[in-house]
Amino acid sequence: MKKTKFYALLGGVGIVLATITFIAADHIDSPSVASTSVDIADFYAFEGDDPNSTVLVATMQGPLTPGSVTTNAQFDEDVVVEFNIDNTGDFVEDLVIQAVRRDSVMYFFGPSIVDPANAGLQSMINVDDFSGQVGISTVDETFTTTNDDGITFFAGPRRDAFYFDFNQFNQVVSGAAAPVGFLPPAEASDFFENFNVLAVVVEIPNALLGDAPPHVAGAVGINGLPNAYNVWITTKRKI
Amino acid sequence: MNIRYIKLSALVFCIGLLFAQCADDDDNGNVIEAATCDDGIQNGDEEGIDCGGTACPPCFDGLDFSGTYRQEDIMGRPGINTVFSGTDMVKNNFNTTMVSDREVFQPIFQTTLEAYHDVYGSALGVELDYESNILGLDAATFTTVLAQFDALQVAPEGPTTYFNGTVALTGRNLTDDVIDISLTLMFGGESGTRFDGNNGTPQLTSDGVGPGNRNFSLPFPYLESPLN
């Protein structure tokens with residue numbers, strides 16, 4: 001009985017969902033950006049080794065196969081990577097940190113105050129707010145720099161930190177894995193285990209980010225969480 | 001030729017070298033140890049005199065940062081666009097929309113969330129709907145949070161974590177199992193264990209993989225060196 005139902009569903013909802021092919025967390029997330037130099041793979045934000053600082057990590061262009069694919073991968077000089085910080089709670093960026101490559105160096109600008117009229121989908125590079133630069137690291141050499149404000153910078157290839165049984169997920173969402181679902185740990189497989197990404201990492205003293213607003217979870221009745229910035233990353237291409 | 005003349009010649013020669021080096025616009029840089037950013041010459045991996053490279057202020061001369069840049073990709077929380085947008089067109093639209101302009105995506109996300117449940121309801125031969133999750137959020141509220149509050153909430157007063165069993169939504173660590181957390185919020189119901197593979201239920205709250213042999217205890221830049 002269940003098998004009949006199972007196959008029946010494959011002709012219905014299952015087929016619809018089968019079109020939802022998926023690579024996460026944001027890796028190759030839409031047809032127009034997949035496998036391009038703007039494609040964001042992941043975003044992390046966490047307390048640094050210095051507890052008064054926050055680390056912002058953008059990973060891109062994944063998954064990169066180790067070897068020549070990784071060695072040849074480059075940040076696009078026509079693409080700016082932006083860390084957007086909302087410190088007022090309206091989900092419009094109040095501060096932006098920008099990173100863009102020129103030759104073998106990544107240049108960083110900000111945190112710049114964003115005029116609300118200029119927030120959103122288009123940006124200019126805030127040249128007047130130059131804050132640092134770092135040579136692009138290679139597979140063999142890691143470069144980091146720290147500026148006078150205590151902001152530390154990195155750009156280059158790294159191992160992908162993201163772990164996920166992506167193949168089984170596609171089976172799950174298509175219905176092909178129903179009704180079992182995901183596999184037990186002994187059978188599950190981490191798709192991203194042996195891939196690299198291009199990473200931009202900034203560690204910034206919290207004092208440079210302003211006061212954090214009340215946590216947004218309060219808006220849906222979840223109280224007691226600490227004040228928190230709302231932070232997201234964007235990639236923008238020169239037009 | 002006396003000693004003084006030789007010294008003078010040597011000095012002139014050296015100054016000549018100095019200017020020759022100053023005029024050298026070869027930005028490949030001849031790497032010299034102990035280069036500094038205030039020694040008046042281009043050395044180390046500097047790209048000009050006391051500028052550029054890994055240590056010195058930038059050489060803006062000749063570098064063009066002009067122009068307008070337009071958004072092509074965006075990411076706040078992990079997996080949002082890829083899991084909830086459904087169609088290619090919606091995914092593309094999501095990536096070119098501001099976070100604060102996402103109302104239109106909420107009903108789409110809710111439909112997708114319900115559709116995932118329908119797949120397993122059909123497979124199990126039962127009516128299956130999303131149930132409020134461990135955060136107490138119903139489908140409409142949950143998908144509103146996902147669509148319209150789509151950023152990492154980052155607490156400057158730690159601890160920062162996507163969810164560590166006690167604290168939620170204060171950041172995202174490299175170690176955080178964001179997939180299991182997300183699956184639990186989607187399929188775990190109020191207990192978090194609604195579909196955890198036990199008692200004949202499907203396993204929908206964990207993908208079964210962890211960080212494996214990755215090292216998440218490294219100093220800045222915190223990520224491991226690339227695999228070779």
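Domain bounds here come from an automatic or database domain assignment. By that assignment, chain A splits into domain 1 (1-30 + 161-194) and domain 2 (40-159 + 197-237). Where the two domains touch, domain 1 of chain A puts in 7 residues and domain 2 of chain A puts in 7 residues. On the domain 1 side of that contact you'll find 4 nonpolar residues, 2 polar ones and 1 charged one. Keep in mind as you look around that this is a predicted model.

**The sheet in chain A**

Chain A has an open sheet of 5 strands, and going across it the order is β1-β2-β10-β9-β8, with antiparallel pairing. The edges belong to β1 (40-47) and β8 (145-146) of chain A; each has a single partner strand, so one side of each has no neighbour in the sheet.

Now for strand β10 of chain A, residues 196-205. Is it enclosed or open? Of its 10 residues, 9 are buried, so the rest of the structure largely encloses this strand. Two strands pair with β10(A). One of them is β2 (residues 53-64) of chain A, which runs antiparallel to β10(A) over 9 bridges. The other is β9 (residues 152-159) of chain A, also antiparallel to β10(A), this time over 8 bridges.

| Residue | Stands opposite, in β10(A) |
|---|---|
| Leu56(A) | Val202(A) |
| Ala58(A) | Val200(A) |
| Phe153(A) | Val202(A) |

**Where chain A meets chain B**

How many residues of chain A are in contact with chain B? The count is 116 residues of chain A, in contact with 89 residues of chain B. On the chain A side, strand β11 (residues 229-238) gives the most, with 10 residues. Sorted by class, that side of chain A has 68 nonpolar residues, along with 27 polar and 21 charged.

The two chains also share some strand pairing. Strand β6 (residues 122-123) of chain A runs antiparallel to strand β1 (residues 69-75) of chain B, and 2 bridges join them. To find the place, look for Ser123(A), which stands opposite Tyr69(B) in β1(B).

**A look at chain B**

Chain B has 6 helices and 2 strands. Follow the sequence along and the pattern reads α-β-α-α-α-α-β-α. Of the 228 residues in chain B, 43% are buried. Take the contacts in chain B with a separation of 6 or more, and 35% of them are between residues 24 or more positions apart.

One helix to zoom in on is α4 of chain B, residues 105-124. How does its length compare with what you'd expect? At 1.5 Å a residue, its 20 residues should span 28 Å, and the end C-alpha atoms are 29 Å apart, which agrees. The buried residues of α4(B) include Phe105(B), Phe109(B), Leu113(B), Tyr116(B) and Tyr120(B). An α-helix has 3.6 residues a turn, so residues three or four places apart point the same way. Also among the buried residues of α4(B) are Gln110(B), Thr112(B), His117(B) and Ser122(B). Just past the end of α4(B) comes Gly125(B), which takes a positive phi of about 75°.

Notes
Residues are numbered from 1 along each chain as its sequence is written. Chains are lettered from A and ligands numbered from 1 in the order in which they are written. This is a predicted model: local features need pLDDT of at least 70, side-chain atom pairs count only at pLDDT 80 or more; totals for chains, interfaces and linings use all residues. A residue is buried if 20 or more other C-beta atoms lie within 10 Å of its own, exposed if 12 or fewer, and partly exposed in between; C-beta atoms are placed from the backbone. Helices (H or I, at least four residues) and strands (E, at least two) are DSSP runs, numbered from the N terminus. Two strands pair if DSSP finds at least two bridges between them. Ala, Val, Leu, Ile, Met, Phe, Trp, Tyr, Cys and Pro count as nonpolar, Asp, Glu, Lys and Arg as charged, and the others, Gly among them, as polar. The expected span of a helix is 1.5 Å times one less than its number of residues.
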